[in-house]
Amino acid sequence: QVQLVESGGGLVQAGGSLTLSCAPSGRTFMNFALGWFRQAPGEEREFVASIMWSGSRTVYSDSTKGRFTISRDNAKNTVNLQMNSLEPEDTAVYYCAGGYMGILRTNARDFSSWGQGTQVTVSS
């Protein structure tokens with residue numbers, strides 16, 4: 001079982017930027033994917049973005065495409081989510097998720113490992 005540790009959440013004003021990081025521990029393979037999901041109070045968990053561990057493919061939700069960038073940092077062995085032009089609607093707990101898959105998925109049920117979550121709050 002791959003364990004995931006997130007970092008980088010916090011409070012930011014609308015229009016600002018934040019970077020979240022996810023560090024997997026344990027053995028990973030090239031068909032391992034990491035994704036970010038978020039959940040606001042009273043809402044269902046929502047897909048944000050995902051990336052194959054090789055870094056060769058990425059998928060974004062329509063609400064974050066163009067503002068968020070998911071990437072792999074080979075030196076630090078982490079996957080980062082760079083969030084720009086943040087809006088109050090982006091306020092949520094953000095979760096890193098991982099799973100083995102041949103093609104990138106956007107459904108939370110396809111991800112078997114989850115981090116503890118990190119709070120992102122965007123003030124207006």
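**Exercise 1. Work out which strands pair with S9, and how.**

S9 and strand S10 (residues 113–114) run antiparallel and share two bridges; strands here are DSSP runs (E, at least two residues), numbered from the N terminus, and two strands pair if DSSP finds at least two bridges between them. Before going on, note that this is a predicted model, where local features need pLDDT of at least 70, side-chain atom pairs count only at pLDDT 80 or more, and totals for chains, interfaces and linings use all residues. Residues are numbered from 1 along each chain as its sequence is written, and side-chain values use heavy atoms, with hydrogens and water left out.

Step 1: Alanine 97 sits opposite tryptophan 114 in S10.

Step 2: go to strand S11 (residues 118–123). Its pairing with S9 is antiparallel too, over three bridges, and tyrosine 94 has threonine 118 in S11 as its bridge partner.

Step 3: check how covered S9 is. Seven of its nine residues are buried, so S9 is largely enclosed by the rest of the structure; buried means under 20% relative accessible area, exposed over 50%, and partly exposed in between (1.4 Å probe, protein chains only).

**Exercise 2. Find the disulfide and say what it ties together.**

Step 1: count. There's one disulfide in the structure, a disulfide being a pair of cysteine sulfur atoms within 2.5 Å.

Step 2: name the pair. Cysteine 22 and cysteine 96 make the link, with their sulfur atoms 1.9 Å apart.

Step 3: get the hand. The angle about the S-S bond is -80°, and the link of cysteine 22 and cysteine 96 is left-handed.

Step 4: Cysteine 22 belongs to strand S3 (residues 18–25) and cysteine 96 to strand S9 (residues 92–100), so the pair ties together parts 74 residues apart in sequence.

Step 5: look at accessibility. Cysteine 22 is buried at 0% relative accessibility, and cysteine 96 is buried at 1%.

**Exercise 3. Sum up the whole chain.**

Step 1: tally the secondary structure. The chain has 11 strands and zero helices (helices being DSSP runs of H or I, at least four residues).

Step 2: test the size. A compact globule of 124 residues would have a radius of gyration near 14 Å, and the chain's 13 Å agrees; the radius is taken over C-alpha atoms, and the globule rule is 2.2 Å times the number of residues to the power 0.38. The C-alpha trace spans about 40 × 30 × 25 Å along its principal axes.

Step 3: Of the 124 residues, 42% count as buried. Among contacts with a separation of 6 or more, 58% are between residues 24 or more positions apart.

Methods: Contact means heavy atoms within 4.5 Å.
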